Amino acid sequence: MNFCSHCGNRVRFDTPEFDNRPRYLCDQCGTIHYQNPRVITGTLPVAPDGRILLCRRAIEPRHGYWTLPAGFMENGETTVEGALRETVEESRVTGLNPQLLSMVSLPDFDQVHVFYRVDMPDFSFETTPESSEVVLFDAHDIPWEDIAFLTVKATLEHYLEHLDAEQVPVLNSVVYRPKKPGY
Ligand SMILES: [Zn+2]
C-alpha cells in the first residue's frame with residue numbers, strides 16, 4: 001500500500017502507538033490501515049447415496065484441479081451463508097443441514113479456511129463459469145493427485161476417516177506453505 005484509501009495521502013509503514021507491529025499509517029487523516037487474514041468458506045456436499053461432490057476449477061489459482069466449492073467470505077454474511085452461497089455459485093447445489101467439518105489456519109497465506117458438510121437435496125448439479133466439471137465421487141475414486149488445495153485434501157481425508165462416526169468431529173488444523181506449488 002502506497003496511498004491512503006480514505007484521503008489519497010502517501011502512507012508510511014510504522015508501528016502505531018500502543019501497538020506491537022507495523023501498520024500502514026496515514027498522517028493526514030489519521031487512518032490506521034489494518035490488514036488481517038481473510039476467511040475462505042466452503043462445503044463438502046454429500047449426495048443422497050453418499051458420494052462427494054467435487055468441482056474442477058475453471059479459474060485461477062489451480063485451474064483444472066479439483067476442489068470442494070469454496071470462496072472468500074463476503075462482508076455482512078456468516079461463514080455458513082458464505083459456504084452455501086459459494087456452493088450455489090460453483091455447482092448450483094443448495095446445501096442442507098450444514099455441519100462444521102474443518103477450520104484450518106494458513107498463517108503463511110494470511111487465510112483461514114472453514115468447511116461445512118452439507119447434504120445435497122437430490123442428485124442435481126450443474127457446471128458453472130467457475131467450474132468446468134462437477135462430479136460426484138465415491139470415496140475410492142477421489143482424484144487425490146489433482147486436488148487443488150491442501151486444506152481441501154485435509155478436509156476430505158478427515159471426513160472419510162470419520163465416515164462411521166455418529167458425529168464427525170471438527171478438524172482444527174494448520175497448513176504451512178508447502179515446498180511444491182499449490183496449497
Ligand atoms: Zn488518509
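## Zinc site

In this predicted model, Cys4 is a buried residue, with a relative accessible area of 4%. Cys4 is one of the residues that coordinate the zinc ion: the ligands are the SG atoms of Cys4, Cys7, Cys26 and Cys29, at 2.3 Å. The angles subtended by the 4 donor atoms around the zinc ion run from 97 to 118°, and the arrangement is therefore tetrahedral. Along the sequence, the donor residues follow the spacing C-x2-C-x18-C-x2-C. Distant parts of the chain are linked in this way, since Cys4 belongs to the segment before S1 and Cys29 to the loop between S2 and S3, 25 residues apart.

A disulfide is a covalent bond between the sulfur atoms of two cysteines. The count of disulfides in this model comes to 0.

## Aromatic pairs

The search of the whole structure gives 2 aromatic pairs. One of them is formed by Phe13 and Tyr24, a tilted pair with a distance of 4.6 Å centre to centre and 45° between the planes. This pair links distant parts of the chain, with Phe13 in strand S1 (residues 12-14) and Tyr24 in strand S2 (residues 23-25), 11 residues apart. Tyr24 counts as buried, at 19% relative accessibility.

Trp66 and Phe137 also form a pair: their ring centres are 5.2 Å apart and their planes stand at 85°, so the geometry is edge-to-face. Because Trp66 lies in strand S6 (residues 66-67) and Phe137 in strand S10 (residues 131-137), this pair ties together parts that are 71 residues apart in sequence. Trp66 and Phe137 are both buried.

## Arginine over aromatic rings

Two arginine contacts with ring faces are described here. The charged end of Arg38 sits over the ring of Phe72, 4.0 Å from the ring centre. Arg62 lies over the face of Tyr65, and the distance to the ring centre is 4.0 Å.

## Salt bridges

Across the whole structure, the search finds 10 salt bridges. Among them is the bridge between Asp27 and Arg12, in which the closest N and O atoms are 2.7 Å apart. Asp27 lies in the loop between S2 and strand S3 (32-33) and Arg12 in strand S1, so this bridge ties together parts that are 15 residues apart in sequence. Asp27 is exposed, with a relative accessible area of 53%, whereas Arg12 counts as partly exposed at 36% relative accessibility.

Other bridges lie within helices. In helix H1 (residues 79-91), Arg85 and Glu89 are 4 residues apart and therefore separated by about one helical turn; their side chains meet in a salt bridge at 3.1 Å, N to O. Glu89 is partly exposed, with a relative accessible area of 28%. Arg85 and Glu89 also belong to a network of salt bridges that links them with Glu77 and Glu86.

Helix H2 (residues 150-161) holds Lys153 and Glu157, 4 residues apart, or about one turn of the helix. The side chains of these residues meet in a salt bridge of 3.3 Å, N to O. Lys153 is partly exposed, with a relative accessible area of 28%, and Glu157 is likewise partly exposed, with a value of 32%.

## Backbone features

Most residues other than glycine have a negative phi, and most peptide bonds are trans. In this model, a cis peptide bond joins Glu60 and Pro61, with omega about -5°. Pro61 is placed in the loop between strand S5 (52-57) and S6.

Arg62 is likewise found in the loop between S5 and S6. Its phi is near 65°, a positive value in a residue other than glycine. Arg62 counts as buried, at 19% relative accessibility; as noted above, Arg62 lies over the face of Tyr65. Asn97 has a positive phi of about 50° and is not a glycine. The place of Asn97 is in strand S8 (residues 96-106), and at 48% relative accessibility Asn97 counts as partly exposed.

Key
Residues numbered from 1 in each chain as written. Predicted model: local features only at pLDDT ≥ 70, side-chain atom pairs only at ≥ 80, totals over all residues. Heavy atoms only, no water. Phe/Tyr/Trp six-rings, centres within 6.5 Å; stacked < 30°, edge-to-face > 60°. Helix = DSSP H or I, 4+ residues; strand = E, 2+ residues; numbered from the N terminus. Buried < 20%, exposed > 50% of the residue type's maximum accessible area, 1.4 Å probe, protein only. Lys NZ or Arg CZ within 6 Å of the ring centre and 35° of its normal. Salt bridge = Lys/Arg side-chain N within 4 Å of Asp/Glu carboxyl O. Disulfide = S-S within 2.5 Å. Donors = N, O, S within 2.8 Å, 3.2 Å for Na, K, Ca; no water. Tetrahedral: all angles 85-135°; square planar, octahedral: opposite > 155°, others 65-115°.
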